[in-house]
Amino acid sequence: MRLGEKHLDEAMIQPLTDIGEVTTRILQFNGEDRILERQNLIEVSRYPSTAAQQRMTKP
């Protein structure tokens, strides 16, 4: 799933651009705690949310 300059790859957010790379690092999107939390939410079908999925799939 695409998130602007980032791509959601399971529980990991993969930057697609230089801006996305910097944003990911500064906001620590892929810190160990955040990845574990996303993995737990994925297991119970709560991540990404329905609203987030709709935003990510808009052209």
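Let's start with Arg38, which sits in helix H2. Keep in mind that this is a predicted model. Arg38 is buried but makes no salt bridge, and Glu37, the nearest side chain of opposite charge, is 7.4 Å away. Around this residue is a protein of 3 helices and 3 strands, laid out along the sequence as β-β-β-α-α-α.

**Arg38 and its surroundings**

- What does the side chain of Arg38 join up with? It makes a polar contact of 3.1 Å with the side chain of Asn30.
- Asn30 also turns up among the residues that Arg38 touches once neighbours within four places in sequence are set aside; the others are Ala11, Met12, Ile13, Phe29 and Tyr47.
- Why is there no salt bridge to Glu37? A salt bridge needs a nitrogen and a carboxyl oxygen within 4 Å, and Glu37 is 7.4 Å from Arg38.

- Leu41 is another residue of helix H2, and with a relative accessible area of 27% it counts as partly exposed.
- Leaving out residues up to four places away in sequence, Leu41 touches Arg46 and Tyr47. Tyr47 is also on the contact list of Arg38.
- Leu41 and Ala11 are 30 residues apart along the chain, and their C-alpha atoms are separated by 9.1 Å. Ala11 is in contact with Arg38 too.

- The partners are Arg25 and Glu21, whose side chains meet at 3.2 Å, N to O.
- Side chains of opposite charge can pair when their charged atoms come close.
- Why can these two reach each other? They are 4 residues apart in helix H1 (residues 18-26), so about one helical turn separates Arg25 and Glu21.
- In an α-helix there are 3.6 residues a turn, so residues three or four places apart point the same way.
- Arg25 is exposed at 58% relative accessibility, while Glu21 is partly exposed at 33%.

**Loops and backbone details**

- Gln28 is in the loop between H1 and H2. Its phi is positive, about 50°, although Gln28 is not a glycine.
- Is Gln28 buried or exposed? At 56% relative accessibility, Gln28 counts as exposed.
- Ser45, in the loop between H2 and H3, has a positive phi of about 55° and is not a glycine either.
- Ser45 is exposed as well, with a relative accessible area of 68%, and this residue follows H2.
- Pro48 is found in the loop between H2 and helix H3 (50-57). The peptide bond leading from Tyr47 to Pro48 is cis, with omega near -10°.

**The protein as a whole**

- Of the 59 residues, 20% count as buried, and Arg38 is one of the buried ones.
- The protein exposes about 4600 Å², and carbon and sulfur atoms supply 50% of that area.
- Looking at contacts between residues at least 6 apart in sequence, 28% join residues at least 24 apart.

Methods. Residues numbered from 1 in each chain as written. Predicted model: local features only at pLDDT ≥ 70, side-chain atom pairs only at ≥ 80, totals over all residues. Heavy atoms only, no water. Helix = DSSP H or I, 4+ residues; strand = E, 2+ residues; numbered from the N terminus. Buried < 20%, exposed > 50% of the residue type's maximum accessible area, 1.4 Å probe, protein only. Lys, Arg positive; Asp, Glu negative; His and termini not counted. Polar contact = N/O pair within 3.5 Å; in protein donor to acceptor, adjacent residues only side chain to side chain. Contact = heavy atoms within 4.5 Å. Areas by Shrake-Rupley, 256 points an atom, 1.4 Å probe, with all protein chains shown as cover.
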